[in-house]
Amino acid sequence: MTETLLGFDAAVDTSSEVARPWRTVVWDDPINLMSYVTLVFMTYFAMSREVAEEHMLRVHHEGRAVVSSGGREQMERDVIAMHEYGLHATLEQED
Amino acid sequence: MAGPFQLIADGAIELRLDVDERHLLSTLATGLAGMLEPPTLQDPLGLGILADAGLSPDPVIARLLPDAYADADDAREFRRFTEHALRTRKHDHLRAVVAMLHTEADPLLLDADAAQALLAGLNDLRLAIGTRMGIGDDDASEPLGPVIALYDWLTWLQDALVTAISDDADTLPM
């Protein structure tokens, strides 16, 4: 998978408390093909076809789905990668 | 009936498009690449950071370069660091599409990188045209017939490419 961000880290919240994990959310949209969304999940997140389709269907039926979770910097990279593929994605912190 | 894409050995893909189709796709890609071209930055260190950046007032650009955070301030700050590189990548995918079409070869032969560039470029074209058409917008007026036909053609083309790449992806070891 080619690098999709600049070679340095974007601004990061450096609060000292143990950080709540972050997650990448993909949002439903009326244009992207279901087959394309599935392929993006398989390609970028290395999901199997079954898992990728599960996530795609959750986006489709529920309007959004969490596709990855972890540190903020990694989630920022994932969101930018989703944008590069044309998916609408945001990152948010778990409650 | 055979589609426009044919998976051949070692992951390469053949694409069959006639002269008119190549011209049409090339024109569309050139136009969108122009819209996405990043501005020249006052950027002596080459870091690609914008002094300020916000969601575009143009719905097409806003759809291609959406906010990454729900909070507007967070989104704006993140965009300062990332939009220039993202614009560059999208612009480069579309320029690659134009380049791969400008050849005498018939059928076109796409390696894995070219197939990925075409996949991303086709998707951005569909997003751009679909957004202009107001797909998903209940208030949008009915688009013109030729625009619908164009959008449907791009959809058919992208779907065929996804199928060709997916056939290859399914044989990858997990």
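**Reading the terms on chains A and B**

Visitor: What makes the link between the side chains of S26(B) and H102(B) a polar contact?

Guide: In this predicted model, the side chains of S26(B) and H102(B) are joined at 3.1 Å, and since a polar contact requires a pair of N or O atoms within 3.5 Å, the value of 3.1 Å meets that limit.

Visitor: Which residues is S26(B) in contact with, once its neighbours within four places in sequence are left aside?

Guide: Those residues are V98(B), L101(B) and H102(B), where contact calls for heavy atoms within 4.5 Å. S26(B) itself belongs to helix 1 of chain B, which covers residues 19-36, and its C-alpha atom is 10.0 Å from that of A96(B), a residue 70 places away along the chain.

Visitor: Why is S26(B) called buried?

Guide: The relative accessible area of S26(B) is 7%, and buried means under 20%, so S26(B) is called buried.

Visitor: How do you know that strand 1 of chain A pairs with strand 2 of chain A?

Guide: Pairing takes at least two bridges, and 6 bridges join strand 1 to strand 2 (residues 64-70) of chain A, so the two strands, which run antiparallel, count as paired. Within this pairing, R23(A) stands opposite S69(A) of strand 2.

Visitor: What joins strand 1 of chain A to strand 3 of chain A?

Guide: Here too there are 6 bridges, and strand 1 runs antiparallel to strand 3 (residues 88-93) of chain A; in strand 3, T90(A) is the bridge partner of V25(A).

Visitor: What makes strand 1 of chain A mostly covered?

Guide: Strand 1 spans residues 22-27 of chain A, and 5 of its 6 residues are buried, a term that applies under 20% relative accessible area.

Technical notes
Residues numbered from 1 in each chain as written. Chains lettered and ligands numbered in written order. Predicted model: local features only at pLDDT ≥ 70, side-chain atom pairs only at ≥ 80, totals over all residues. Heavy atoms only, no water. Buried < 20%, exposed > 50% of the residue type's maximum accessible area, 1.4 Å probe, protein only. Helix = DSSP H or I, 4+ residues; strand = E, 2+ residues; numbered from the N terminus. Polar contact = N/O pair within 3.5 Å; in protein donor to acceptor, adjacent residues only side chain to side chain.
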